[in-house]
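Please look through the structure shown below with these numbered points beside it.

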Amino acid sequence: MSESGAALRALIVADGDVPSRSVLDGTWPGWNINVGLVVAADGGWDKATSLGLRPDLLVGDADSLPEERFARLAADGVAIERSPAAKDESDTELALLAAIRRGATHVTVLGALGGKRFDHALANVGLLGLPNPQGGEVELLDGTTRVRLLRAPGPDGGPVRFRLDGSAGDLVSLLPIGASALGVRTEGLLYPLRDEPLTPGPARGLSNVRTLANASVTLRHGSLLIIETRTQVTAGGDRT
């Protein structure tokens, strides 16, 4: 919850490949509805403004946004959390932590996937595992893909059910992270899992197909990356 006690939805714009507004509107309708906090991760400032957004906070070490731009934005009253160049965290991680500190209960990250740095994309996927004291949800979006993490509460916490609402025909991949994911059960997917394990390595959970708009996955133990790939978009997008 935010400091006022209300749910806070945050949008982080990183300095990777960011789709155009028309693509985001067509692929992920509602991606920016009720956003109460926009955070730019360094060069993500320019990516945010290209979407017609003015970030509330700029985070980073000025390695991709020039130093003079940081100074100018600070003079214009933009809130800035400046970090040293020699640091353990990426700018995107710092932006996510800043949003969580401000009480974000739902965080959408743009610009975290694709681009020339595969290591950055993997590191950004790893950010889904950061502890979130709000118990909220973090998602990574690009022009075709949404990545989220489902974690079971533990051996004594019982299974957790996760909704996979979307369009029939879209691809859904379920990939275990770390140890095996146990007790995986799916509804509304073409290739069902019925209280079964998914182990790291084999690609059994890859490229399932959503057959119902209100599909779901239930997990009893472990962690699953949920990767949804849109195969069709509504009006305003670039694909059919």
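1. The largest nonpolar core of this predicted model has 28 residues, and those with the most contacts inside it are Ile12, Leu96, Val107, Leu128 and Leu140. A nonpolar core is here a set of buried Ala, Val, Leu, Ile, Met, Phe, Trp, Tyr and Cys residues joined through side-chain atoms within 4.5 Å, where buried means under 20% relative accessible area, exposed means over 50%, and partly exposed lies in between (1.4 Å probe, protein chains only). At least two residues of this core come from each of β1 (9–13), β2 (35–41), β3 (57–60), α4 (91–101), β5 (106–110), β6 (137–141) and β7 (145–151), and the largest share, six residues, is supplied by α4. Apart from this core lies another, of 16 residues, which includes Leu174, Ala181, Leu193 and Ala215.

2. A word on conventions belongs here: residues are numbered from 1 along each chain as its sequence is written. Because the model is predicted, local features need pLDDT of at least 70 and side-chain atom pairs count only at pLDDT 80 or more, while totals for chains, interfaces and linings use all residues, and side-chain values use heavy atoms, with hydrogens and water left out. Helices (H or I, at least four residues) and strands (E, at least two) are DSSP runs, numbered from the N terminus.

3. Not counting residues up to four places away in sequence, Ile12 touches Val39, Ala95, Leu96, Ala99, Val107, Thr108, Val109 and Leu110, with contact taken as heavy atoms within 4.5 Å.

4. Helix α4 lies across β1, β2, β3, β4, β5 and β6, and runs at about 140 degrees to β3; for such angles, axes are lines fitted to C-alpha atoms, for helices over the stretch in contact, and the angle between N-to-C directions runs from 0 to 180 degrees. Nine of the eleven residues of α4 are buried, so this helix is largely enclosed by the rest of the structure. Among the buried residues of α4 are Asp91, Thr92 and Glu93, as well as Leu94 and Ala95. Just after α4, Gly103 takes a positive phi of about 90 degrees.

5. Which strands stand at the edges of the ten-stranded sheet? This open sheet has the order β4-β3-β2-β1-β5-β6-β7-β14-β9-β12, with mixed pairing, and its edge strands are β4 (79–82) and β12 (208–209), each of which pairs on one side only. Two strands are said to pair if DSSP finds at least two bridges between them. Within the sheet, β5 and β6 are parallel partners over five bridges, and His106 stands opposite Glu137 in β6. By contrast, β7 and β14 run antiparallel and are joined by seven bridges, with Thr229 in β14 as the bridge partner of Thr145. Strand β14 (residues 223–229) is mostly covered, since five of its seven residues are buried.

6. The other open sheet to examine has four strands in the order β8-β13-β10-β11, with antiparallel pairing. Its edges are β8 (160–165) and β11 (196–198), each with a single partner strand, so one side of each is left without a neighbour in the sheet. From one strand to the next the twist averages 35 degrees. Six bridges link β8 to strand β13 (residues 214–219) in the antiparallel sense, and Arg161 stands opposite Thr218 in β13.

7. Leaving aside neighbours within four places in sequence, Asp61 is in contact with Asp42, Arg82, Ser83, Pro84, Ala85, Lys87 and Asp91.

8. Two residues deserve a check of their backbone angles. Most residues other than glycine have a negative phi. Asp195, in the loop between β10 (181–187) and β11, has a positive phi near 55 degrees, and its relative accessibility of 39% makes it partly exposed. Ser207, in the loop between β11 and β12, has a positive phi near 60 degrees and, at 38% relative accessibility, also counts as partly exposed.
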